[in-house]
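Reader: I'd like to walk through a model with you, feature by feature. Could you give me the general idea each time and then the case at hand?

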Amino acid sequence: RPGVDDGGESDEAASSSQPGQGKPLNQEEIDRKMLEQAQRAWAGIEEQTLVDRSEEVQQGMVSEQSGKVLPTKVVKREFLISFEEALDFFRHLDRSPFLDSIVTRAEAVGCMARFMEKVMGKKELSSPSLVDERELVFVIAKVAFGKGSYVSELEPEVIHLRMLQTIFSHVTGSKEPRARIGRHWEDIGFQGTDPATDLRDLGMLSMLLLLYASSNHLQKVKQVFLFASESASVSDAADHGFPFSLLAISLSRICLEVLRTGGLTDAMNREQSVFDVLNTFFMGLLLEFFSHWRKNGLEVNRGDFQLALEHVEKKAQARPASILKASRDPVWEPPADHVGGDPAFTSF
């Protein structure tokens, strides 16, 4: 839980985290007390360390970088992180444990695409550096939260948490660091109090792509987030929300599938960058999903979430260039007389 480390654990923090020292506080009380303590300290101190006293730490979470038992630490002044800093950190990742499990190439999707591939040959990335970047993308998708061995003095637990902190701050407007474990993560669309659970299947790639999107397209991303969280400021959002972070994870999976099948190869060769194109494609998928969802008045409770993802993936595989172009579109807003679900507003 959040608190301020002034050279030792506070009595309040110790009493909440150690058994046999009075009646244990429940999770909400610990969150509230530790956050209040941090806020009091921050009011008079320019820079201190936010220490996460999560259950994982109490059970002896061992850093893969140093081998030490290390609480996740975030400096108040530096809890935000840029996409470039996060990507540079991943570039120092030891990829060797993951290489046998990644698949970077797959057969094209669709009869016409497979026919063209047989006639013309499979499209190839034009340089070794692009091939290397593609490999890194698939490796990052295998890296679990807080894991990985890096040629860096920085701890993966810290960097990965800072990525989540930054996304949370961008979409909610919060200026305070958040604890490693807590209900606040549910507020941005994770299924539970520990984001690591949802990030197991696709590693840290989805958060890296969402970090870029929220850093470089904040207005658009925040509009989508407010609708997804059914904010009262969005008139047609009630009962039509969806899990924002789970959506980012699902869209990242689509990015990987289209990357595997060669749908982004031309664009990457043209731009001479894998990550620039992948970031653009992710943003296009986000806006395409959102416009389809909002135009048709879809609801999670009706089972529409998976169907909407399938709709977007089909278009992404068939027309990846249109998804790249969609990244430049404004966030779709309904006309004044629009009623969700009208077939006239079906995107295709």
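Reader: Let's start with Phe-83: is this residue buried or exposed?

Author: This is a predicted model, so bear that in mind throughout. Phe-83 has a relative accessibility of 6%, so this residue counts as buried.

Reader: And how do I read an aromatic pair?

Author: You describe two rings by how far apart their centres are and by the angle of their planes. Here the count comes to 14 aromatic pairs. In one of them, Phe-83 with Tyr-212, the ring centres sit 5.1 Å apart and the planes are at 75°; an angle over 60 degrees counts as edge-to-face, so that is what this pair is. Phe-83 belongs to helix 4 (residues 83–91) and Tyr-212 to helix 9, so the pair links distant parts of the chain, 129 residues apart.

Reader: What kind of pair do Phe-227 and Phe-242 form?

Author: A tilted one, with 6.4 Å from centre to centre and 40° between the planes. Phe-227 is in helix 10, while Phe-242 is in the loop between helix 10 and helix 11, so this pair ties together parts 15 residues apart in sequence. Both Phe-227 and Phe-242 are buried. They also belong to a cluster linked by ring pairs, together with Phe-289, Phe-290, Trp-293 and Phe-305.

Reader: Which residues of helix 10 are buried?

Author: In helix 10 (residues 218–228), they are Lys-220, Val-221, Val-224, Phe-225, Phe-227 and Ala-228. These residues span an arc of only 165° around the axis, so they are on the same side of helix 10. Their cover includes helix 7 (156–172), helix 9 (205–216), helix 11 (244–260) and helix 13.

Reader: What about nonpolar cores in general?

Author: In soluble globular proteins, nonpolar side chains tend to be buried together. In this model the largest nonpolar core has 86 residues, and those with the most contacts inside it are Met-163, Met-207, Leu-208, Phe-242, Phe-281, Leu-285 and Phe-289. Helix 13 (residues 274–295) supplies the largest share of this core, 13 residues.

Reader: Which residues does Phe-281 touch, leaving out those up to four places away in sequence?

Author: Phe-281 touches Cys-255, Val-258, Leu-264, Ala-316, Pro-320, Ile-323 and Leu-324.

Reader: Now the backbone: what should I look for in phi?

Author: Most residues other than glycine have a negative phi. Gln-272 is in the loop between helix 12 (265–271) and helix 13, and is partly exposed at 43% relative accessibility.

Reader: Where is Gly-203 found, and is this residue buried or exposed?

Author: Gly-203 is in the loop between helix 8 (195–198) and helix 9. With 0% relative accessibility, Gly-203 counts as buried.

Reader: How do I see what a loop residue packs against?

Author: Look past its sequence neighbours. Setting aside those within four places, Gly-203 is in contact with Ile-140, Ala-141 and Val-143. The C-alpha atoms of Gly-203 and Ala-144 are 4.7 Å apart in space, although the two residues are 59 apart in sequence.

Technical notes:
Residues are numbered from 1 along each chain as its sequence is written. This is a predicted model: local features need pLDDT of at least 70, side-chain atom pairs count only at pLDDT 80 or more; totals for chains, interfaces and linings use all residues. Side-chain values use heavy atoms; hydrogens and water are left out. A nonpolar core is a set of buried Ala, Val, Leu, Ile, Met, Phe, Trp, Tyr and Cys residues joined through side-chain atoms within 4.5 Å. Buried means under 20% relative accessible area, exposed over 50%, partly exposed in between (1.4 Å probe, protein chains only). Helices (H or I, at least four residues) and strands (E, at least two) are DSSP runs, numbered from the N terminus. Contact means heavy atoms within 4.5 Å. The arc is that of the directions from the helix axis to the C-beta atoms. Rings of Phe, Tyr and Trp (its six-membered ring) pair if their centres lie within 6.5 Å; planes under 30 degrees apart count as stacked, over 60 as edge-to-face and the rest as tilted.
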